[in-house]
Structure formats: C-alpha cells, structure tokens
Amino acid sequence: MTVSVIIPTYQGENRILSTLQALERQTFKNFDVVVLVDGSTDQTVSILKEREFRLKSFKIVEQSNKGKAAARNHGVRKSSGDLVIFCDDDMSPNANSVEKHMSFHLSHPDCLLGGSQFEISSQSNLDIQNYKAHLSQKWLSKYESGLSQMDSTNLFFSSANCSLPRSVFERLGGFDEQLSDAEDYELAFRALKSGTPVYFDKTNESFHRDQITCIRYIKRLRQYATAKYHLDKIHSIEIKKSLRLKRIFYRPFAFLFWARAIDQSFFLVLPKRLRYRLYDVVIHSLAVEFSETDLE
C-alpha cells in the first residue's frame, strides 16, 4: 500500500512548518506529501521552497482560492498513494499517526478512518484556549480507547486527521466543493448511506495548535452550524428547534460584551468549574440561540 498525505493550506505561513516537522518525525517513513496552497497571498510558498524536508517525496501545488473541499480534492488528484491521509495545516500528528492509519486500512479495507484531535492546557495559554482544551478532553472521554464504529447517531469525522483508500474517495466523489464548511462530515454521512463503514480511532492522535479568541470561536461555531443546518435539509434529517423557555434562559448572555470579557480574562477570579460553565452558556447563547447578534 502506497500512502499520500494531503495538506490544504490558506495563509498558513505561521503554521505549516510545524505540521511538516511532525510528519518528518513519523515512525513510518514511506509516504509522499502534497501541500495544496489554496490561493494564499502570504509567504507560504516561499517559506516551503526555502526548506528541504526529510520526506520521501514533497510536492507544492498552487491554485486560486476555491475553499477547503476543492483544495483537498485537487490534492488527491496530484497525489499517487493508494491510501490518502488528510491533515490540516494547524495539526501536529503524533509520531505513529501515519503508521496507525496505514495499519488500520490493511486490516479494514474500503473504510473511512477518523483520528482524534487534542489540545493542551497550559499556563501560557489564554484562558479560552485552556477552555477549548477542556472541551476536547471532555468530548474524547465518551469514547473507549481504540476503535469505535460510527453510525448516523454518533458520527464524527474530521478532515483534520482522517484517511480512506483512494478507490473509496473516488467512488464517493470526493468532498462536495459547493460546501464551505462541514464537508468532512458530509463525506462521512454519504459513506454511511452507501454502506461504507466509518471508524474513529481515539489512539490516533494529532495535536491542534489553533490560536483562538472567544469571538473567533463563536464565529467558527456559527459557520459550522449554518453548514450543518443546510446538510440536514439536503439529507432530510430532522432539525431540532430550540424551546422558547430555553431561549429565555440564554437571552441575558447573548451580548457581545460577555465574549469580550472572556477574551480579556475578566472572569479568572471565578473558580474554574464555574468559569467554564459561564463560558458554555455565553458561547451557546451567541453561537446557537442568538446567532444573529453582531460580533463586530
């Protein structure tokens, strides 16, 4: 089995080198890397061309800005591996990640595999980043160590750390380029509908290096929620509506000053448990219940 790692990047000059350095440290070395530069106007290309990487094969492909789905699809076309692994430009896969992807597919042909993403809590982080790390640890805790098979009720599949055979990718038609978000979830949903198994490997870890603010995180959640809403309509999935009493509870927290106060570490005087519960409420209020609130 030959292996290709596809990395889409947009304005990634401050991120991409860490991802490639993590790939240089992989226990399995026999894979090629394609970095798809999606219309970046920063110094990403020149930075990549100035470096020599300890990789079997390394290719830089440029295109006009077309979005993540188109970038990944183009990256696959420019690669040659029987197995394609997708990695985002703000991820650092653990040293055995590529080996775990390959080993899984040798024993599970014609499947999709998603790996886990974790963030590290640190005293040097902004409090919102430590909150995000707390959320990722809480989310991962619901999965048993090792493999979990996904279905429509528990589906999780992130293109930040995932893999599938080229033949399956082509059979499914790749990522939907009309989507600006949630294209990875949609691909996995289509796979399930076609009878293609989807798995999640909690032990296949990749460190997420995203530097966020509360306001930026809320905007990201809004984008994903909008995309997920349209996907649910396309695939005729029942869309749950918020209860009126629930919205009444969240309404006092649906103001921009709450998010700004979180970004200014205003609530550090509160105990961590209470502080993070407040963050939960504020973020849900502004990202879901009252997503029309202006964040500028």
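This is a predicted model: local features need pLDDT of at least 70, side-chain atom pairs count only at pLDDT 80 or more; totals for chains, interfaces and linings use all residues.
1. Let's start with the salt bridges. How many salt bridges does a search of the whole structure find? The count is twelve. A few of them are worth a look in the viewer.

2. Take Lys-132 and Glu-119, whose closest N and O atoms sit 2.7 Å apart in a salt bridge. Lys-132 belongs to helix 5 (residues 127–140), while Glu-119 is in the loop between strand 6 (112–118) and helix 5, so the pair ties together parts 13 residues apart in sequence. Are these two buried or exposed? Both Lys-132 and Glu-119 are buried.

3. Next, find Arg-220 and Asp-181, another salt bridge with its closest N and O atoms 2.7 Å apart. This pair links distant parts of the chain, 39 residues apart: Arg-220 is in helix 8 (residues 214–234), and Asp-181 is in the loop between helix 6 (166–172) and helix 7 (183–193). Arg-220 is partly exposed, at 36% relative accessible area, whereas Asp-181 is buried, at 6%.

4. Lys-246 counts as partly exposed, with 36% relative accessibility, but Glu-289 is buried at 2%.

5. Now for charges on the surface. Lys-59, Lys-66, Arg-77 and Lys-78 gather there in a patch of positive charge. Of these, Arg-77 lies in helix 3 (residues 68–77). Its relative accessible area is 56%, so Arg-77 counts as exposed.

6. Which residues of helix 4 (residues 97–107) are buried? They are Ser-97, Val-98, His-101, Met-102, Phe-104 and His-105. Look down the axis of helix 4 and these buried residues fall within an arc of 160 degrees, so they line one face of the helix.

7. Most residues other than glycine have a negative phi. Gln-11 is not a glycine, yet its phi is positive, about 50 degrees. Gln-11 lies in the loop between strand 1 (3–9) and helix 1 (16–24), and is partly exposed at 27% relative accessibility. Ser-265, also not a glycine, has a positive phi of about 55 degrees. Look for Ser-265 in the loop between helix 10 (256–263) and helix 11 (272–289); with 24% relative accessibility, Ser-265 counts as partly exposed.

Terms used
Residues are numbered from 1 along each chain as its sequence is written. Side-chain values use heavy atoms; hydrogens and water are left out. Patches are made of residues with over 30% relative accessible area and no salt bridge: like charges are joined within 9 Å, nonpolar side chains (Val, Leu, Ile, Met, Phe, Trp, Tyr) within 5 Å. Accessible areas come from the Shrake-Rupley method with a 1.4 Å probe; for residues, only the protein chains shown count as cover. A salt bridge is a side-chain nitrogen of Lys or Arg within 4 Å of a carboxyl oxygen of Asp or Glu. Lys and Arg count as positive and Asp and Glu as negative; His and the chain ends are not counted. The place of a charge is taken as NZ of Lys, CZ of Arg, CG of Asp or CD of Glu. Helices (H or I, at least four residues) and strands (E, at least two) are DSSP runs, numbered from the N terminus. Buried means under 20% relative accessible area, exposed over 50%, partly exposed in between (1.4 Å probe, protein chains only). The arc is that of the directions from the helix axis to the C-beta atoms.
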